[in-house]
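Subject: Structure handover

Hello,

Here is the structure for you to look through. Please open it first, then read the notes below.

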Amino acid sequence: MVLESAGSPLRLAELADPEPAPGEALLRVRACGVCRTDLHVLDGDLAEPKLPLVLGHQIVGEVVTSAGRFDPGARVGVPWLGWTCGECRFCRAGRENLCDRARFTGYDLDGGFAELAVADERYCFALPDGYPDEQAAPLLCAGLIGYRSLRFAGDAERLGLYGFGASAHIVCQVAVAQGRRVYAGTRAGDDEAQAFARSLGASWTGDALAGPPDELDAVVVFAPAGELVPAALAHVHKGGVVVCAGIHMSDIPSFPYELLWGERVVRSVANLTRADGEEFLALAPTVPVRTDVETFPLEQANEALDRLRAGSLRGAAVLVP
Ligand SMILES: [Zn+2]
Ligand SMILES: [Zn+2]
């Protein structure tokens, strides 16, 4: 499924088989998760994707040929971080997520909305057993970037998760297992998402803009809605942190300094490091994280993206070739 220009639907196309470069594995795609970032690329919210482009950066693949790291037939995961330079000051400081020259899967590199994909083996992950392919796929972005966001919430005991989609449904399970109280904020009146959050252990659910009755220690904002940032700042107490987990957000409205005063912090989370992935993929089966997925045949990628846009998915959408 090919993106030819921003703003137009993906097109079903027969492409030449990708040729693995040195260091790359050729993978048969068994499942690929759909992420809000895919929607942002499709909509042109993110500048300058490679075009034409195969989207998709939560690839569960079976190794067809390997450059040496994997056995043929092995199951591996390919995340958003597809390549880093290893030389810039960020890479050298263990912050490869901020690499100046990073390349991203399904953005700078063709991704997994396809039958075959290639990936630099150094950025692939071994996947935990016990997850069927379609349930493993959302771990690779919703899960591990969600987990990075949770880490930036520090030891917050009362944790808000605003926007209860693919990422929040995973983070909620981890947070509850860690003994935190989860406050799940959704769009006003989204009873279905709120019931889903309660089923995963959220203590409070309600309208994210209005916020819960209790003061929070931290909020992770997953929804791409800038107005949630001043709202979340008003919901955290002194020293609280608001973590913006998405790659794109509508403009944040201006707000009185009083909302930031008291050492409140607003921060974003960008991408992932390989260490995040290894840590999260080791943790997930111990929680155990269960992913709720809705599968779509590959050729229905546009339908899956539309459902994500409409907010009418429960959990995560996953494409299966
Ligand atoms: Zn993603
Ligand atoms: Zn670098």
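Start in the loop between strand S14 (236–244) and strand S15 (265–268), where you will find Glu263. Keep in mind that this is a predicted model.

Glu263 is not a glycine, yet its phi is positive, at about 60°. Is Glu263 buried or exposed? It is exposed: its relative accessible area is 70%, and the cut-off for exposed is over 50%.

Asn271 is another residue to look at. Its phi is near 65°, again a positive value in a residue other than glycine. You will find Asn271 in the loop between S15 and H8. Its relative accessibility is 15%. Buried means under 20%, so Asn271 counts as buried.

**Two cis peptide bonds**

Next, look at two prolines. The bond from Leu51 to Pro52 is cis, and its omega is near -10°. Pro52 sits in the loop between helix H1 (36–43) and S3. Val287 and Pro288 are also joined by a cis peptide bond, with omega about -15°. Pro288 belongs to the loop between helix H8 (274–283) and strand S16 (293–297).

**The chain as a whole**

Now zoom out. The chain has nine helices and 17 strands. Its radius of gyration is 19 Å, close to the 20 Å that the globule rule gives for 321 residues, so the chain is as compact as a globular protein of that length. The C-alpha trace spans about 55 × 40 × 40 Å along its principal axes. Of the 321 residues, 53% count as buried.

**Zinc ion, ligand 1**

Which residues hold this ion? Its protein donors are Cys35 (SG), His57 (NE2) and Cys141 (SG), at 2.0 to 2.2 Å from the zinc. Along the chain, these donor residues follow the spacing C-x21-H-x83-C. Two of them link distant parts of the chain, as His57 and Cys141 are 84 residues apart. His57 is in the loop between strand S3 (53–54) and strand S4 (59–65). Cys141 is in the loop between helix H3 (133–136) and helix H4 (142–152). Both His57 and Cys141 are buried.

**Zinc ion, ligand 2**

This zinc ion has four cysteines as its protein donors: Cys85, Cys88, Cys91 and Cys99. Each gives its SG atom, and they lie 2.3 to 2.4 Å from the ion. What is the geometry of the site? It is tetrahedral, with angles of 103 to 117° among the four donor atoms. In sequence, the spacing of the donors is C-x2-C-x2-C-x7-C. Both Cys88 and Cys91 are buried.

**The second largest pocket**

Finally, look for the second largest pocket. It holds about 670 Å³ of space. There are 34 lining residues, and the closest to the pocket centre are Pro18, Val54, Ala114, Leu116 and Ala117. Strand S6 (81–83) and strand S8 (116–120) are the elements that give two or more residues to the lining. S8 supplies the largest share, with five residues. What classes of residue make up the lining? It has 23 nonpolar, four polar and seven charged residues.

Over to you.

Best wishes

Methods. Residues are numbered from 1 along each chain as its sequence is written. Chains are lettered from A and ligands numbered from 1 in the order in which they are written. This is a predicted model: local features need pLDDT of at least 70, side-chain atom pairs count only at pLDDT 80 or more; totals for chains, interfaces and linings use all residues. Side-chain values use heavy atoms; hydrogens and water are left out. On a 1 Å grid over the protein atoms alone, a cavity is a set of points where a 1.4 Å probe fits but cannot get out, and a pocket is an open set with protein on both sides within 12 Å along at least five of seven lines; lining residues have an atom within 4 Å of a point. Grid points are joined across faces, edges and corners, and a volume is the space filled by probe spheres set on the points. Helices (H or I, at least four residues) and strands (E, at least two) are DSSP runs, numbered from the N terminus. Ala, Val, Leu, Ile, Met, Phe, Trp, Tyr, Cys and Pro count as nonpolar, Asp, Glu, Lys and Arg as charged, and the others, Gly among them, as polar. Donors are N, O and S atoms within 2.8 Å of the metal (3.2 Å for Na, K and Ca); water is not among the atoms, so sites may look incomplete. Four donors count as tetrahedral if all angles lie between 85 and 135 degrees; four count as square planar and six as octahedral if opposite donors are over 155 degrees apart and all others between 65 and 115; anything else is irregular. Buried means under 20% relative accessible area, exposed over 50%, partly exposed in between (1.4 Å probe, protein chains only). The radius of gyration is taken over C-alpha atoms; the globule rule is 2.2 Å times the number of residues to the power 0.38.
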